[in-house]
Amino acid sequence: MNRVLVMNGGGDAPGLNAVIRAIVKRAQLAKNWQVLGSIQAFNGILREPMEIVELDEKAVAGIHYRGGTILETTNKGGPFNWPVKNNDGTWGSVDRSDDLINRLKYLNIDAVINLGGDGSQRISHALYKKGLNIIGVPKTIDNDLSATDSTFGFQTAIQIATESVDKLVTTAASHNRVFILEVMGRDAGWIALNAAVAGGAEICLIPEIPYDINKVLSAIEARFHKDRGFAIIVVAEGARPIDGNQHTISEIEVGSAHVRLGGVAGKLSQDLKDAGCRYGIRETVLGHIQRGGVPIAYDRVLASQFGVKAFEMVLEQKFGRMVSYRHPRIIDVSLEEAIAEPNLVTLDTALMKTARGLGISFGD
Ligand code: F6P
């Protein structure tokens, strides 16, 4: 019996369960394959006792439309940066990658499928270089991986953000107010840009284009006539003013690679008032609602395609590679290529041109 181990790391994304189910379904057709799952990314292997579950037909039945992940996930720790408490109470980290590889050998694991974003695929690549038979599946609701046209969860997030804009429009118009909707997007403004276009927002602020508060104010003024009117601003959590930094909520947590972003909507609201905005402003922070719940059909389809392809790559021994969607095909790319460049919104992005053509202001 051959064994493949599946895991997911980083933030969850709607569609993860559909990938897991597709891997198991495809493995069943191959015969002589057992699928195991590691709980909370690599932590399930590195913990004492290990936390590994068998993924058989029963375990994955009906999970394709469930949000989250049955394997749980984490964006902390990992084999190369395992957090340890020092004697003085501070935290440090140790490299447990050799330990991980030994444990996988002990478990007779023939191949690993790692579902994750940029950070997770960096770990996949480093483990591959150490000789592990590993395959990556891209996962990011921010759509910030350039080696694939799209990732599951992204369209669900856009749908949720757009429905939120729709709801804010009716109350904004009723009260003649400015509404600021803060959406996810650490370095890439794709969710904000898509939701702004789909929802008909007037202003869209993204990490890639630092904004000038006076230009944002002018765009608001253009929407009001004699104090009547309304304006919707969609702002990505990673957006920043031309003379400032990204807004953070807290320090880096132990084992985490990033500071927690958040609060840009509140900051923008205050800055607009300070700059002389005369209209009522309200802020809504969408937060993890964008990542939760049922994946839309598009994401379930893409996730199923990714899962089937990932297992077929195991059969073909295409290790050190990541599943990728390049319309109209599902292909594979090297992990090296997968982590080389982030997928950011650029000024010549087609959708950016559309947004400008619709008169959306980016505060630049
Ligand atoms: O990477 C996806 C993402 O949604 C980012 O946009 C956001 O900054 C981050 O996850 C938040 O993750 P968490 O709060 O789960 O650490």
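Q: Is Q317 buried or exposed?
A: Q317 is exposed, at a relative accessible area of 60%; exposed means over 50%, buried under 20% and partly exposed in between, with a 1.4 Å probe and protein chains only. This is a predicted model in which local features need pLDDT of at least 70, side-chain atom pairs count only at pLDDT 80 or more, and totals for chains, interfaces and linings use all residues. Residues are numbered from 1 along each chain as its sequence is written, and side-chain values use heavy atoms, with hydrogens and water left out.

Q: Where is Q317, and what is its phi?
A: Q317 is in the loop between helix 10 and strand 16. Its phi is positive, near 55°, and the residue is not a glycine. Helices (H or I, at least four residues) and strands (E, at least two) are DSSP runs, numbered from the N terminus.

Q: Why flag that?
A: Most residues other than glycine have a negative phi, and most peptide bonds are trans.

Q: What about Q40, buried or exposed?
A: Q40 counts as buried, at 18% relative accessibility. Its phi is positive too, about 60°, and Q40 sits in the loop between strand 2 and helix 2.

Q: Which residue follows helix 1, and what is its phi?
A: K31 follows helix 1, and its phi is positive, near 65°.

Q: How many residues does helix 1 have, and what does it span?
A: Helix 1 covers residues 16-30, which is 15 residues, and reaches 22 Å from first C-alpha to last. That is close to the 21 Å expected at 1.5 Å a residue, where the expected span is 1.5 Å times one less than the number of residues.

Q: What do the buried residues of helix 1 pack against?
A: They pack against several elements, including strand 1 (2-8), strand 2 (33-38), strand 6 (111-116) and helix 10 (297-315). Among the buried residues are L16, V19, I20, I23, R26 and A27.

Q: Switching to cis peptides. Which bond is cis at P49?
A: The bond joining E48 and P49 is cis, with omega about -10°. P49 lies in the loop between helix 2 (43-46) and strand 3 (52-54).

Q: And what is omega from H327 to P328?
A: Omega is near 5° there, and the bond is cis. P328 is in the loop between strand 16 (321-326) and strand 17 (329-334).

Q: Helix pairs next. At what angle do helix 7 and helix 12 cross?
A: The axes of helix 7 (residues 190-199) and helix 12 (residues 350-357) cross at roughly 40° and come within 10 Å. Axes are lines fitted to C-alpha atoms, for helices over the stretch in contact, and angles run from 0 to 180 degrees between N-to-C directions. The two helices are therefore oblique to each other; under 35 degrees counts as roughly parallel, over 145 as roughly antiparallel, 65 to 115 as roughly perpendicular and the rest as oblique.

Q: Which residues meet there?
A: L193, N194 and V197 in helix 7 meet L351, M352 and A355 in helix 12, with contact meaning heavy atoms within 4.5 Å.

Q: And what about helix 8 and helix 9?
A: Helix 8 (residues 213-221) and helix 9 (residues 264-274) have axes that come within 10 Å and cross at roughly 80°. They are therefore roughly perpendicular to each other. I213, V216, L217 and I220 of helix 8 make the contact with L268, D271 and L272 of helix 9.
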